[in-house]
Amino acid sequence: MISSRLTQARFTGLQALKSNVKGSKSKIPRRQSLVYRQAALNVNAAAESEVEDNTAEAPAAAAPKRGGGKGRKPKPGPAPSMTIGDLVEGQEYPGAVVSVTDFGAFVNIGCDIDGLLHISQISNEFVKNVADAVSVGQDISVRVLTVDHDRKKFSLTAKTAVEGGSTEKTQKPRQARVKKERKAKPQIPVKAGDTVSGSITSVAPFGVFVDVGEGFQGMLHSSQMKLPEGVEDHLSHFKEGDVLEVRVGGINREKISLTQLTDDEIKAQKEIETKGLSTVVEVPEGSGPFAHVLAEAGISRDMFQSKPAKKDTATKEAKKEKTEAKAAAPEKKEEAAPAKEAKADAGGISAKLVKELRQASGAGMMDCKKALAECGGDVDAAKDFLRKKGLASADKKSGRIAAEGAIASYIHAGSRLGVLVEVNCETDFVARGEKFQELVNDLAMQIAACPDIAVVSTEDVSAEMLEKERAIEMEKEDLKSKPEEIREKIIQGRLDKIAKEMALLEQPFIKDTSKTVAEVIKASIAEIGENIQVRRFGRFNLGEGIEVEDKGDFAAEVEAQTSAMAAKAAEKKDDDKKEEKKEEAAPAVAVSAKLVKELRQASGAGMMDCKKALAECGGDVDAAKDFLRKKGLASADKKSGRVAAEGAIASYIHAGSRLGVLAEINCETDFVARGEKFQELVNDLAMQIAACPQITVVSTEDVSAEMLEKERAIEMEKEDLKSKPEEIREKIIQGRLDKIAKEMALLEQPFIKDTSKTVAEVIKASIAEIGENIQVRRFNRFVLGEGIEKKEEDFAAEVAAQTQGKA
């Protein structure tokens with residue numbers, strides 16, 4: 001009541017002020033008008049102050065209810081009793097869902113703001129739709145995951161602890177981002193034209209880096225050096241720590257280029273580099289621009305006849321010229337040789353020859369000019385010169401560390417042959433390039449096409465195997481009559497041939513048999529500009545080494561199988577009669593069609609098998625499921641003893657080509673191998689191997705006994721076991737060894753698609769479903785660059801060095 005009167009008084013005062021201002025607008029100056037407006041604002045403030053005071057003095061019973069005025073629903077959950085600063089990470093709070101979104105739900109836990117329950121934190125199971133899991137108003141118990149005090153937000157989780165006492169992984173508290181203050185870039189202590197003295201910090205093939213002060217380095221390129229007489233290579237002349245006096249040639253951003261040459265020497269050097277690259281053509285006086293173009297192209301008036309000559313006269317003249325040309329040919333050749341030498345001595349190389357060699361070789365202009373000068377203007381000889389130069393640079397690059405690259409696979413049609421190969425280069429930038437990727441795929445196909453190869457290079461061939469071959473060669477009859485020194489050379493030649501047949505790099509390249517694989521890789525090094533190496537490869541041939549029983553005559557085999565099936569059918573008939581008698585003796589169990597249908601949908605078994613299972617289990621559907629499952633796994637155990645020589649070879653290359661897997665999975669027939677279920681199992685197992693970095697063998701039986709003995713000796717020396725009795729200690733150690741073996745075995749790992757089962761259980765279930773023995777025979781798992789020690793370098797300095805080297 002009081003507040004309504006005060007509001008009315010405020011409104012009346014405002015109206016009065018407005019009318020006064022409006023009525024005397026023309027009479028009141030601007031400054032007095034502003035005074036009236038300020039008075040009106042003061043009236044408003046006073047009225048609001050009195051309303052707030054009277055509202056505070058009102059009894060608590062008259063306070064409005066939580067959630068708003070009349071007609072508004074109250075907010076679900078507890079009343080606000082704390083602020084975001086009172087929350088404790090990891091503490092559990094009761095609450096209620098306030099709102100539901102596509103990405104999660106907001107929960108009221110009695111805080112001044114609501115917390116976010118993300119879709120990934122609603123349940124331990126996968127949640128596809130938030131609305132299916134929670135609803136507005138639902139009571140829920142949650143734990144605080146993270147609290148962001150700066151942004152006034154906090155996240156919640158409703159996940160519960162899982163079996164074994166472990167809990168789902170929680171996200172680490174998100175730390176508030178602190179804006180880093182940008183440091184002012186340091187000023188370069190030198191400018192163009194300054195002469196400085198500094199020590200050499202590093203020596204590279206293209207030049208040296210010199211310290212110019214305050215942490216800055218300049219690059220002195222090899223073309224800007226003054227070397228003493230008799231010194232051809234700066235690499236042998238300069239060493240780290242030597243002091244040089246240099247001049248700043250130029251500064252581009254923070255890149256400082258240095259020189260030891262004077263301005264006159266630089267000018268003379270440019271003139272020498274451009275000498276011979278321009279051509280001067282002579283045209284008659286008064287000729288137009290087109291005549292100059294024709295002359296530069298080598299077209300002159302003498303090439304065309306002004307008037308057509310008579311046929312007889314032209315023929316006679318042509319024959320005469322031809323005869324004279326043959327007679328004068330030796331003289332011209334003799335004259336041409338001195339002319340060529342004179343041209344080479346003069347060093348004048350025409351732009352036409354440089355252009356021709358550039359188009360043919362793809363090399364740089366100055367390289368082409370130098371090659372032509374070295375070869376006396378002979379384009380073919382210059383091509384060989386450039387090729388040798390490119391390969392020489394490739395030899396230098398082959399000594400650098402190559403820890404990047406790609407892992408590639410090749411599966412031949414029919415999935416009976418597979419290859420996995422790791423090819424290394426120096427940088428991931430080159431590894432993603434089209435040319436490198438093409439080379440890697442070509443090498444994978446090369447390995448698939450060479451059944452005899454076992455190693456990358458001849459250096460990798462086992463010395464023990466070569467010694468064995470040497471002993472065999474020494475006993476051959478054709479060498480016993482040879483002298484000792486000749487016999488040794490022949491044997492060494494034969495051993496070298498054997499090693500080359502086993503080495504990948506020595507094989508003829510499949511796309512160009514005139515080159516070896518090593519030559520192709522060397523050419524790629526010269527073209528790409530980085531060291532490239534084939535590090536390792538795996539090649540699987542389906543079923544190789546498995547002894548398949550020779551079943552002889554196919555007709556006899558069919559007859560034997562038919563007889564066995566007939567005998568089995570007769571045996572089954574006798575069993576059915578016995579069961580009928582047994583059923584007559586025992587009280588019959590009524591099995592409804594509804595129960596049979598339910599069991600068929602749940603198990604996928606046949607109708608008669610479901611009916612029999614329900615009859616055996618007294619109509620209990622769950623017990624009948626276990627009955628069918630045991631029956632299927634029992635038959636799977638019987639099938640696991642049969643020979644499996646068919647199957648498929650599969651590969652898996654992870655995104656980025658830094659992880660690759662090659663696996664051979666065997667079954668009994670190629671019919672099953674082509675089936676969809678078997679193919680799905682094979683692909684799942686390849687991904688399973690990729691997801692398990694610790695596995696090295698298929699089963700625990702394949703773990704090395706030598707490795708286990710070594711682990712046993714380590715465990716025996718541990719302090720926690722020395723106080724245990726001998727018999728207890730032995731059991732503990734054996735348990736730990738079994739655990740190590742299981743961690744290394746593929747079949748003992750939790751299946752990636754259903755972690756409640758092991759890989760062995762999944763394979764066993766597939767045997768029961770498909771009806772044939774299935775075995776994981778072998779696998780290879782390559783991780784790019786594992787085991788290679790990569791030199792750590794400053795990336796910025798490396799880029800600057802390479803950029804200056806190309807300048």
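Before the first selection, one term: the expected span of a helix is 1.5 Å times one less than its number of residues. Keep in mind, too, that this is a predicted model.

**Stop 1: helix 16**

Select residues 517–528, which make up helix 16. These 12 residues reach 16 Å from the first C-alpha to the last, close to the 16 Å expected at 1.5 Å a residue. Now, which residues of helix 16 are buried? Colour Val 517, Val 520, Ile 521, Ser 524 and Ile 525, and you have them. Turn the view until you look down the axis of helix 16: the buried residues fall within an arc of 145°, so they line one face of the helix. The general rule behind such a pattern is that an α-helix has 3.6 residues a turn, so residues three or four places apart point the same way.

**Stop 2**

Next, select residues 104–108 for strand 2 and residues 115–118 for strand 3. The two pair in the antiparallel sense over four bridges, and Val 107 stands opposite Gly 115 of strand 3. Together they form a hairpin with six residues between the strands. In that turn, pick out Gly 110, whose phi is positive at about 90°.

Stay on strand 3 and show its side chains. Which residues are on its covered face, and which on the uncovered one? Gly 115 and Leu 117 are on the covered face, while Leu 116 and His 118 are on the uncovered one.

Leu 117 has Leu 156 of strand 5 as its bridge partner.

**Stop 3**

Now look for a closed barrel of five strands, which runs 6-7-8-10-9 with mixed pairing. From one strand to the next, the twist averages 50°. For a closer look, select residues 216–221 (strand 8) and residues 255–259 (strand 10), which pair in the parallel sense over three bridges. Within this pair, Gly 218 stands opposite Ile 256 in strand 10.

**Stop 4: helices 8 and 9**

Finally, select residues 351–361 for helix 8 and residues 365–374 for helix 9. How do their axes cross? They come within 9 Å of each other and cross at roughly 115°. Helix 8 and helix 9 are therefore roughly perpendicular to each other. As for handedness, helix 8 passes helix 9 in a right-handed crossing.

Terms used:
Residues numbered from 1 in each chain as written. Predicted model: local features only at pLDDT ≥ 70, side-chain atom pairs only at ≥ 80, totals over all residues. Heavy atoms only, no water. Pairing = 2+ DSSP bridges. Axes fitted to C-alpha atoms, helices over the stretch in contact; angles between N-to-C directions. Buried < 20%, exposed > 50% of the residue type's maximum accessible area, 1.4 Å probe, protein only. Arc of directions from axis to C-beta. Parallel < 35°, antiparallel > 145°, perpendicular 65-115°, else oblique. Left-handed = near helix turned anticlockwise from the far one by under 90°.
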